[in-house]
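The exercises below are meant to be worked through with the structure in view. Try each task before reading the solution that follows.

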Amino acid sequence: MTALRVTVALAAVLAVAACGGRRSHLSIEVSPASATFDVPFTVHVRGVPAHAQARIRFSGRTHDGRTAQYRVARRADAQGRVALADFYLYPHLDPTGQWPTRLTITASSGSARASTHAERRFDVAAKLSSTDERPAKVGFYGEWITPSRADHHTAILLFGGSEGGLTQQTLARVLAAHGYPVLELAYFSEPGLPPALTRVPLEYFERALRWLAKQPEADPSRIVTFGASRGGEASLLIASMFPRLVGAAVGYVPSATIIPSPSDDSSPAWTYHGKPVYGDRKRFRAFLTREDYGWIRVEHIRGPVFVVGGDADHLWPSGYSVQQIEKRMHAHGRRDITALFYPEAGHEIGQAFPRQVAVSRVGYGYVPSRYGTLNLGGSPHADEAALEDSWPKLLTFLGRLRSHS
């Protein structure tokens, strides 16, 4: 367990109320005290008069010397306690992208005050090692990212969606900063790989899984597949087809079924032993018309499953897929699934960690791609809220993984 995953609390107790020299035992604790930017703040204030209001102020200096600050007020309970749990500060600060790293957090009630400090780091690469892995050497195209002192740890096979290539560098490094060795894998649109998401052999992922299982940093019984969009589909599919190699699966804005190639809908996206992979050939009438596009057999996944979808996803119905994945797991007696459904969120929640920046609603959700302009749906507020809610739950899910037989 690394320092980033251990909750560290700083406590400060201050002193004297101005009137009459009476002492006020106001105290504040902030945890974790030091972490990466994606980790929210949890603040506990004690010693507030029962049901009185406490004010919590965050302040810090940006790299260009400006002061950024935010205030929030909360009313104490009958025991004089105030809690601010899993609070993401940065969306509330000046949205110029200049965020302070070191922060002072001050609680006040009446004339009593208490202060402490915390930091959130944005350069997560300093304590990570990275190695390029290429097809000529290992048979796949990826980047192997390991945190310091990782040994026999839960490890992640991470891949992106229909954009191709290595596009998950930031997410890979954030996950590695939390202590997880990560193999970020490209499966098309890189040298030595197919040019498009068409007839990609699943043996390619199997090769990467077997390589990952042999690394001393990884526990072979706790390997997690992790992907978003087409990568979410791939994560669930691979985990269901290779249950002896995969201990858990994470899918953001996934499909519940196996979808054809986005470049040619008459061709499969995936093959196994040279044959198209279409699942169990049941119709998925919500958004498929061909009988040979079938459900992903998520019930075959050996370990727990974590899926996230939005009902305002205009690219494909990921929210509905998440509901169907959960329903299928339950129908097969499986309860080890976390299925998060956000009615107003769109496909953009596939980025997984909170972006914590102000985004205009004008033109939101429309993005250029190799397939033309895509409409991802959602809204800045709904997507950010979904990310802020789901990311701590994902970290909890990963932290609780154990070996599964």
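**Exercise 1.** How many salt bridges does a search of the whole structure find?

*Solution.* Begin with the ground rules: this is a predicted model, in which local features need pLDDT of at least 70 and side-chain atom pairs count only at pLDDT 80 or more, while totals for chains, interfaces and linings use all residues. Residues are numbered from 1 along each chain as its sequence is written, and side-chain values use heavy atoms, with hydrogens and water left out. Next, apply the criterion, which asks for a side-chain nitrogen of Lys or Arg within 4 Å of a carboxyl oxygen of Asp or Glu. The search of the whole structure then gives 15 salt bridges.

**Exercise 2.** Determine whether Glu 143, which forms a salt bridge with Arg 173, is buried or exposed.

*Solution.* First locate the pair: N and O lie 2.7 Å apart where the side chains of Arg 173 and Glu 143 meet. Finally, compare accessibility with the cut-offs: buried means under 20% relative accessible area, exposed over 50%, and partly exposed in between, with a 1.4 Å probe and protein chains only. Glu 143 counts as buried because its relative accessibility is 9%.

**Exercise 3.** Classify Glu 119 and Arg 121 by the same cut-offs, and then turn to Asp 219 and Arg 222.

*Solution.* Glu 119 and Arg 121 form a salt bridge whose closest N and O atoms are 3.4 Å apart. Glu 119 is partly exposed because its relative accessibility is 26%, and Arg 121 is partly exposed because its value is 25%. In the salt bridge of Asp 219 with Arg 222, the closest N and O atoms are 2.9 Å apart, and both residues are buried.

**Exercise 4.** In what order do the three strands of the open sheet lie?

*Solution.* The order is S14-S17-S18, with mixed pairing, where two strands pair if DSSP finds at least two bridges between them. Strands S14 (200-201) and S18 (275-276) are the edge strands, each pairing on one side only. Strand S17 (residues 270-272) pairs with S18 in the antiparallel sense over two bridges, and Thr 271 stands opposite Pro 276 in S18.

Definitions and conventions:
Helix = DSSP H or I, 4+ residues; strand = E, 2+ residues; numbered from the N terminus.
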